[in-house]
Amino acid sequence: MNKFFLHSHYDPAGDQPKAIKSLSQNFQMGMKEQTLLGVTGSGKTFTMAGVIQQLQVPTLILSPNKTLAAQLFREFKEYFPENAVEYFVSNFNYYQPEAYLPQKNVYIEKESRINDELDRMRISTVASLLERKDTIVIASVSCIYGMGAPADYKELILLLTVGMQIDLKKISQHLVRILYEERDFTLERACFRYFNDHLDIHSSYSKDLLRISFDDNFTIVSIKVIQYITGTILEELTRTLIYPARLFLTTDNKIEQSIENIELELIDRMQELRAEGKSDEASRLESRVKYDIDMMLSMGYCNGIENYSRHLTFRKPGERPFTLLDYFPKGDYLTIIDESHIAIPQISGMFNGNLSRRTTLVNHGFRLPSAIDHRPLTTDEFFTIADKVLYVSATPANFEIEQSEAVIEQIIRPTGLLDPLIEIRPSEGQITDIIREAKIRKKNNERVLITTLTKKMAENLTEHLIESGLLVSYIHSDVDTIQRTEILRDLRLGKYDIIVGINLLREGIDLPEVSLVCILDADKVGFLRSTRSLIQIIGRSARNSKGLVLMYADKVSNAMREAMRETSRRRKLQEKFNTQHSITPKTIKKEIKEILERTHNVGDSKKALKVDIKHILKHQKTKEKQIAQITILMDEYADKLLFVEAAICRDAILKLEKKKDLPKTPKKTEKPKKL
């Protein structure tokens, strides 16, 4: 087994050594739940990596959104290059869940567009967990949603070894059963093809091909890993495992047993609906379920098979589903919940939203009652399964503090940076004051963030500031994720002086150039101006040595008082540390590519990518070479989790594949063929 080995250009510093030692020793002594209270800029991610190296156990790192998850994924790939670092988030580019709106009598069919690369990475995650102990999984909260049973998934794995005598017909049947498609020429993911003396498999979880060569007696003589594009042999294996192409599959014998139970539930439910005078609903349900049963009997699978998961996994009504957590070794793994004050409420929110939607579908005859049991975990179920839990946040909620057997503080920043100074100023004349302060920052090549309470206020304030001669943009929930990232990048580059936002600026991407944060309506009562929210907002200027926070308010609320008290406490601890170690605080210098998501060595915009594709189309004369070059480009973007760019490449490839080759100019002696 490979051990976790942490690679880093620097040693633990500040509070990191103490935090790593305390957290690791507490877990080793039997503690189950702890909190790492780490301020912005103190290196919490490095501490998390240090704990993983000390404990040497598989680790699940739960992140509240895909953007933060992607950032963590890249960091941990650098920390642990020799180990399996996997990325497990929702695999949809677009997802519209099945729903029914009784008020409008509108049924909404489930609609989704699968992101092929994210789907591959999900299956790769499961493969790593089943094969090796040195696995770190960076996941979004979607990992608590129902999946197939680990025992069924393992049973469907195809094992091939050198020296094994194989039956080609049975191998084909098994591959089709686990949802691989047989092809004659082009091999996409989860496809296979036969030649005279070998079998090529493009697995569901790898970018490379497996070439299984056999002799005249159909005995496997070699297993080679081959680069998909170039055909270069990368590695020779003595054995390989082929994992199913879907994470929700079950064995044939279980399908047959399950269908009997599904049919019995259908009979009972139809009787209930007819007794309630809902004959239309009963007929609709009968038609839908019988169609799904026919599909399962013939294909071993049907669209929406997850709605029958309770029967397929032989669970009792209400019993929790299998999830990604069940693929970790029982009682021997670590769960780290990053930004826990956000992630934990998401768990209960997912369960409640799913229950409401599915109950409506059941009541109106679109689904069997058992469909409700395809669901995410409840909060209690999640913490019952999790073994050792580490909550990580600059502002942990009461839940984390109360659950934890120890709270380890990481206040000291190795850089010596202090928490920002805070001033309270009256709301009267606040816009004039902000403009004056912002122009001072602009002269010093520094940036400003302003937080408001409403979208309308953010938009109106942006217009007013632009009229004063400042370069300003706003961010709120109506601005899509990609555009948000581009706006933040442009702020760092100096294309904007100010960004105006609501609560979207509290967590996530660090902006070292920001030296001033302005909080409007700081004294208002509510979530956006709670103590924790204010501390998070204050932290946005903690990466700059000139950090200042201006709270515009007519009175001092309890939340403001607590936030200022905590900030002052942290500042004094850092000042003492700096004095003892003769440290002069300096603004963090980070390349933009180290912080923002949208960076690539050929350009960080869609426009640059389209130029690259045009270049390929112009200089590669054959369609095959054009597709090959764009595929390489697509893989490079996918490796960096830049899925919008990867999708542009994919669309270009699909367009080329559909394009008919132009007929050759006929020779004079030949008659032109009719097209």
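Residues are numbered from 1 along each chain as its sequence is written, and side-chain values use heavy atoms, with hydrogens and water left out. Because the model is predicted, local features need pLDDT of at least 70 and side-chain atom pairs count only at pLDDT 80 or more, whereas totals for chains, interfaces and linings use all residues.

Helices, taken as DSSP runs of H or I with at least four residues and numbered from the N terminus, were compared through axes fitted to C-alpha atoms over the stretch in contact, with angles running from 0 to 180 degrees between N-to-C directions. Helix H2 (residues 44-55) packs against helix H3 (residues 66-79) at an angle of about 50°, the axes being 11 Å apart. The two are therefore oblique to each other, given that angles under 35 degrees count as roughly parallel, over 145 as roughly antiparallel, 65 to 115 as roughly perpendicular and the rest as oblique. The crossing of H2 and H3 is right-handed, a term used where the near helix is turned clockwise from the far one by less than a right angle. In this pair, Thr45, Phe46, Met48, Ala49 and Ile52 of H2 meet Leu72, Glu75, Phe76 and Tyr79 of H3, contact meaning heavy atoms within 4.5 Å. The residues of this contact comprise 7 nonpolar, 1 polar and 1 charged, where Ala, Val, Leu, Ile, Met, Phe, Trp, Tyr, Cys and Pro count as nonpolar, Asp, Glu, Lys and Arg as charged, and the others, Gly among them, as polar.

For helix H7 (residues 252-275) and helix H8 (residues 279-299), the axes come within 9 Å and cross at roughly 175°, which makes H7 roughly antiparallel to H8. Their contact includes Ile255, Ile259 and Ile262 of H7 together with Val289, Ile293 and Leu297 of H8, and by class it has 12 nonpolar, 2 polar and 6 charged residues.

Helix H13 (residues 430-443) and helix H14 (residues 455-467) have axes that come within 11 Å and cross at roughly 55°, and they are therefore oblique to each other. This crossing, too, is right-handed. Ile431, Ile434 and Ile435 of H13 meet Leu461, His464 and Leu465 of H14, a set that divides into 5 nonpolar, 1 polar and no charged residues.

A search of the whole structure finds 2 cavities of 30 Å³ or more, a cavity being a set of points on a 1 Å grid over the protein atoms alone where a 1.4 Å probe fits but cannot get out, with lining residues having an atom within 4 Å of a point. The largest cavity holds about 80 Å³ of space, the volume being that filled by probe spheres set on the grid points, which are joined across faces, edges and corners. Its lining includes Val39, Thr40, Arg413, Asp419, Glu566 and Arg570, and helix H16 (531-538) and helix H17 (558-580) each supply at least two lining residues. By class, the lining has 4 nonpolar, 4 polar and 4 charged residues.

Thr587 lies in the loop between H17 and helix H18 (592-595). Leaving aside neighbours within four places in sequence, Thr587 is in contact with Leu417, Pro512, Arg543, Asn544 and Ser545.

Methods
On a 1 Å grid over the protein atoms alone, a cavity is a set of points where a 1.4 Å probe fits but cannot get out, and a pocket is an open set with protein on both sides within 12 Å along at least five of seven lines; lining residues have an atom within 4 Å of a point.
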